[in-house]
Amino acid sequence: AKGMCDVGRGRAFEVVLCNEMISGVVARVHVYADQAEVLDFKSDRVGDESSLQQAAKKYEPQMATYRQALGKLTGLKEFSIECSLVFTHPCRVIEV
C-alpha cells in the first residue's frame with residue numbers, strides 16, 4: 001500500500017526551472033510520502049494505436065515539465081514521479 005496521499009485537482013503551480021519562471025495547471029496529482037502520480041486528461045480523438053502513441057509523444061515535454069516542477073515543489077526525486085496521460089477518446093491511459 002502506498003499510504004496516506006495528498007490529492008490535488010486542477011492544481012496550479014509556479015516554479016523556476018532552468019532560470020525560467022514556469023506556471024501551469026496539473027489536472028490531478030497524488031502525492032505520497034516517497035512518490036507521486038500526475039494524471040493529465042487529453043481529449044485528442046485518436047483512432048488507432050499509432051495515432052495514440054503519436055499523440056502521447058506530443059505531450060512528453062509538457063509531462064517532463066510537470067515532473068520537474070512537482071519534484072522541485074515536493075522535494076521528491078524525479079524518478080519517483082509517475083506521469084500518465086488519460087486520453088478520453090478512446091479511454092486509454094498512457095504512461096510517459
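Helices (H or I, at least four residues) and strands (E, at least two) are taken as DSSP runs and numbered from the N terminus. The structure is a predicted model, in which local features need pLDDT of at least 70 and side-chain atom pairs count only at pLDDT 80 or more, whereas totals for chains, interfaces and linings use all residues. Residues are numbered from 1 along each chain as its sequence is written, and side-chain values use heavy atoms, with hydrogens and water left out.

On this assignment, the protein chain contains one helix and five strands. Read from the N terminus, the order of these elements is β-β-β-α-β-β. The radius of gyration of the protein chain is 14 Å, close to the 12 Å that the globule rule gives for 96 residues, so the chain is as compact as a globular protein of that length. Here the radius is taken over C-alpha atoms, and the globule rule is 2.2 Å times the number of residues to the power 0.38. The C-alpha trace spans about 40 × 35 × 20 Å along its principal axes.

Burial was classified by relative accessible area: buried means under 20%, exposed over 50%, and partly exposed in between (1.4 Å probe, protein chains only). By this criterion, 39% of the 96 residues of the protein chain count as buried. Contact means heavy atoms within 4.5 Å. Among contacts between residues at least 6 apart in sequence, 53% join residues at least 24 apart.

The charged side chains comprise 12 positive and 13 negative groups, and the centres of the two sets lie 2 Å apart. In this count Lys and Arg are positive and Asp and Glu negative, while His and the chain ends are not counted. The place of a charge is taken as NZ of Lys, CZ of Arg, CG of Asp or CD of Glu.

A nonpolar core is defined as a set of buried Ala, Val, Leu, Ile, Met, Phe, Trp, Tyr and Cys residues joined through side-chain atoms within 4.5 Å. The largest such core has 24 residues, of which Phe13, Val38, Leu70, Ile81 and Phe87 touch the most other members. At least two residues of this core are supplied by each of β1 (6-17), β2 (20-31), β3 (36-45), α1 (49-74) and β4 (81-89). The greatest contribution to the core is that of α1, with eight residues. Leaving aside neighbours within four places in sequence, Phe13 is in contact with Ile22, Ser23, Gly24, Val25, Val26, Tyr66, Ala69 and Leu73.

Strand β1 also contains Val16, which counts as partly exposed at 39% relative accessibility. Beyond neighbours within four places in sequence, Val16 is in contact with Met21 and Lys72. Val16 and Asp40 are 24 residues apart in sequence, and their C-alpha atoms are 21 Å apart in space.

The loop between β1 and β2 includes Cys18 and Asn19. Most residues other than glycine have a negative phi. Phi of Cys18, however, is positive, near 50 degrees, and that of Asn19 is likewise positive, near 60 degrees. Cys18 counts as exposed at 74% relative accessibility, as does Asn19 at 80%.

The loop between α1 and β4 holds Leu76 and Phe79. Leu76 is buried, with a relative accessible area of 13%, whereas Phe79 is exposed, with a relative accessible area of 76%. With neighbours within four places in sequence left aside, Leu76 is in contact with Val31, Ala33, Asp34, Gln35, Ala36, Gly71 and Ile81. From C-alpha to C-alpha, Leu76 and Ala36 are 8.0 Å apart in space, although 40 residues apart in sequence. Phe79 and Ser43, 36 residues apart in sequence, are 27 Å apart in space on the C-alpha to C-alpha basis.
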